[in-house]
Amino acid sequence: MASALPPFSQSLQPLPVLYSFRRCPYAMRARLAIAASDLRCELREVVLRSKPADLLAASSKATVPVLVLPDGQVIEQSLEIMHWALAQNDPYDWLAAGRETLPSMQALIAFNDGEFKQHLDRYKYPNRYRHEHASDEQAFAQAHQADAGSWLMELETRLSHHAWLFGDTASLADMAILPFVRQFAHTDRAWFDAQPWPHLKAWLRDWETGPLFQQVMEKYPPWQPGEPGIALGWLADPTTGLTP
């Protein structure tokens, strides 16, 4: 489902350009939405320690994801990229309000991006926050692990009623939040696997082993200026939002 692009002079029309980093959860959820929308784009994989000048020229924030549209418009935030893609084509109703309301989904995502992400960062990278703790880095990390875990228990309760966060099919909230839960889980997988979260773990496992995740996590070499990017396009299954 991916191939090297021909020179743009040979293309019928230019594609949106997505600057991405494979393991970044923000970039991951942008790729998921583009995949579900069955849109095509040119992927430019970025090495974060050596960001290309084209990315820096497109966005002063200089982090991924960044989407540059053929008309020159730049979309810099991952959620905005998700909404852009789904506004063009949402065949599997990821934005559907029927399961609850779109504001309810947005509120859950906001908590993920705010409080949960703060705990996740301090749990995963306690050395970056030495100004917030005296000297016991391990205790600092464990405290944020526990605080993040309290919210994951709330997700566990929600998932005990249905397979996805807002019903029996995937939604915007699932795909916006799953990459961050994955990052939390992989910080200490043995600890995570020992927690009493059977529904949360099944939700994460089913997503990680599904074909949509496998496709958006395919490895590509870093993009080099002057070289063609990677042409990406996916087709998803209408029942789950995952590629068959």
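Tutor: A pocket is an open set of grid points with protein on both sides within 12 Å along at least five of seven lines, and its lining residues have an atom within 4 Å of a point. The model here is predicted.

Student: What makes a residue part of the lining of the largest pocket, and which residues lie nearest its centre?

Tutor: A lining residue must have an atom within 4 Å of a point, and 28 residues line the largest pocket, with R23, C24, P25, Y125 and Q183 nearest its centre. The elements that give two or more residues to this lining are α1 (25–36), α3 (78–88), α4 (102–124) and α6 (172–187), and the volume of the pocket is about 610 Å³.

Student: How is that lining divided by class?

Tutor: The lining of the largest pocket has twelve nonpolar, five polar and eleven charged residues.

Student: Why is a space called a cavity and not a pocket?

Tutor: The name cavity applies because a 1.4 Å probe fits at its points but cannot get out, whereas a pocket is open. One cavity of 30 Å³ or more is found in the whole structure, and about 50 Å³ of space lies in the largest cavity. Ten residues line this cavity, and R31, L43, V216, E218 and Y220 are the closest to its centre.

Student: What makes five residues in the lining of the second largest pocket count as nonpolar?

Tutor: Phe, Val, Tyr and Pro count as nonpolar, and F21, V46, V47, Y220 and P222 are among the residues lining that pocket, so these are its five nonpolar residues, beside four charged and no polar ones.

Note on methods: Residues are numbered from 1 along each chain as its sequence is written. This is a predicted model: local features need pLDDT of at least 70, side-chain atom pairs count only at pLDDT 80 or more; totals for chains, interfaces and linings use all residues. Side-chain values use heavy atoms; hydrogens and water are left out. Grid points are joined across faces, edges and corners, and a volume is the space filled by probe spheres set on the points. Helices (H or I, at least four residues) and strands (E, at least two) are DSSP runs, numbered from the N terminus.
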